[in-house]
Amino acid sequence: MSNKSKVPKISTGHRKTFRQYFRAHWQLYAMMVPPIVMLLIFAYAPMYGVILAFKDYKVSLGIWNSPWADNYGFKNFIRFFNNYNFKECLRNTIVLSIYSMLVSMPCSILLALSLNYAKNVVYKKFVQMISYCPYFISTIVFVGIINMIFDNRSGAIGSFLFNNFGINVLGNSSLFASLYVWSGVWQGVGFGAIIYIAALAGVDQEQHEAAIIDGATLLQRIWYVDIPAIIPTAVIMLILNMGGTLNIGYEKILAMQNQNNVAMSEVINTYAYKVSLVSTFPDFAYSTAISLFQSLVGLILILITNKIVDKISGKGFM
Amino acid sequence: MNSKKISQDTVVYFINYVLLTVFLIIVLYPIIYIISCSFSSGDALMSGKVRLLPVDPTLQSYRAVFKYSSIWVGYKNSIIYAFVGTVISMVLTLFAAYPLSRSDFRGKKIFMVLILFTMMFSGGLIPNYLLIKNLHLLNTMWAVVLPGAVSAYNIIVARTFFDNTIPKELQEAAEMDGCSDFKFFLMVVIPLSAPIIAVLSLWVIVGLWNSYFVPMIYLDSQEKYPLQLVLRRILLLSQINLNQTNIDPEMIRRNQYLGEMLKYGTIIVSTLPLMIVYPFVQKYFVKGVMIGSVKG
């Protein structure tokens, strides 16, 4: 008994009651107030707004007073799953996302390796600096540039391909995925390489020296020393990207979309946008249901992948 | 044997330079092409004569850009949105990040979960739209600037930076001397955090400067359009208004040429500011990516 009361007394300096702590450090909580309030308004209020997905939305009645939708509120979801657009959107979303993941990662790694073994420091720095440049070009300008260069009449590459091989890059929907992914590589590869350059810088130089003494060639050293060293980073990046599979960069897709490629370029996000804000008969509840479906699948994917990352490296974020 | 290996390595090093150079050309070619186009005549552009260097060099496209007033209205709006948005976002981000970096901060877990959850789940397009509408923010600058002001990712990056750079002893010593938390934050933490403030500001500025979707759904009146929306009309929708009342076919043809030239000029003029700023902040930028990726 006396023991119990004594122990906390010795360490009171650290374990104050919350009331005491708050009195001494109320300013820390005051600092938290503005950002948290902003999150409650701009992130959590819309989360509450997703109940719209289960309603039969009437503008005059507002979200709360609108009647619940049929089929226990799931009418909008059922409508989406039965819609012929559903399969197409889901397929396009997954194809674009996985294609881009599978291409951009090896490209980033290759660039990082290549930069790592460029002996001329000035040239290396120069290439690296230029490689970040495209990252700063805005989506609109970037898509504008794509349209200009690949124009089959006046574009430098487009007219070349059209005149010599009869390929109309912009007018061919089957080329949309490649155009989207490879232009994305052009824009993001320098940026994506940063993390691998850092991983390569962390490789133990003694391993390289030992390999050289053993008579390993440069390619062998890359294969047996460098690649194993960056695999953990690559695995984590891959898994983290998996979590965002459905959250594809729809701003660029929307900007690239035209009548010719819409069959391959309609993704869940752009579809949700089209049935609501640009439609002549806007259906807010339906659009909300589509977004909610996407958010929920995304959430599940993130939680799963996070568990996996945690298991592998203990680097999960929760 | 050994010399064979050395010569093989030399070949690999050489091939590596070739690869890098090919990469450099791939990155640079479209950029040089667009710059060359912006200095070429409309005739050369329409017939696709430009390959690498300007054809019939002229400054006409820039003259057209400077006369096209909605670009400059957009420019002004973008600067205002980027400035106001960045100030708000930075204050909120740093305010949230500092307490969260303190190991003694009670309730940290709850706040962290509240912030991290916004990274994983969002209400989606329409609930956001209705919120902005109900707050009567439609068609105002605040609809563009406020919703994205608090970014969970930026908070985590800033928190990690504080965690690693602000010594705990310093804060304890300050507390002993009766320095309040906020004063410590203002007088010690902020001055020590120049690199992270630079990185995060740059991210926010680039994000605001380049975004088009949010302004597109929330802004109606053209005089409030940021640059990207003006560019969207010009580049993607080809809605170019050269005030032509003329029905003379020769004039129309000339205007068509001018419209084409205008596109290239606007690309250069709109992208230039970031391209000029970027080399100066490049080293911070890389650092920020690294801090961010450590705690993905």
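The model is predicted. Chain A also makes a contact with chain B, to which chain A gives 74 residues and chain B 80 residues.

**Overall form of chain A**

- Chain A has a radius of gyration of 27 Å, while the globule rule gives 20 Å for 318 residues, so the chain is more spread out than a compact globule.
- The C-alpha trace of chain A spans about 90 × 70 × 30 Å along its principal axes.

**Burial and contacts within chain A**

- Buried residues make up 38% of the 318 in chain A.
- Take the contacts in chain A between residues at least 6 apart in sequence: 62% of them join residues at least 24 apart.

**Helix 8 of chain A**

- Helix 8 covers residues 156-165, and its buried residues are A:Ala156, A:Gly158 and A:Phe162.

**The contact between the chains**

- Chain B brings 80 residues to the contact, and chain A brings 74 residues.
- On the chain B side, helix 1 (residues 2-38) supplies the largest share, with 17 residues.
- By class, the side of chain B that touches chain A holds 54 nonpolar residues, 18 polar residues and eight charged residues.

Key
Residues are numbered from 1 along each chain as its sequence is written. Chains are lettered from A and ligands numbered from 1 in the order in which they are written. This is a predicted model: local features need pLDDT of at least 70, side-chain atom pairs count only at pLDDT 80 or more; totals for chains, interfaces and linings use all residues. Two residues are in contact if their C-beta atoms, placed from the backbone, lie within 7 Å. Helices (H or I, at least four residues) and strands (E, at least two) are DSSP runs, numbered from the N terminus. Ala, Val, Leu, Ile, Met, Phe, Trp, Tyr, Cys and Pro count as nonpolar, Asp, Glu, Lys and Arg as charged, and the others, Gly among them, as polar. The radius of gyration is taken over C-alpha atoms; the globule rule is 2.2 Å times the number of residues to the power 0.38. A residue is buried if 20 or more other C-beta atoms lie within 10 Å of its own, exposed if 12 or fewer, and partly exposed in between; C-beta atoms are placed from the backbone.
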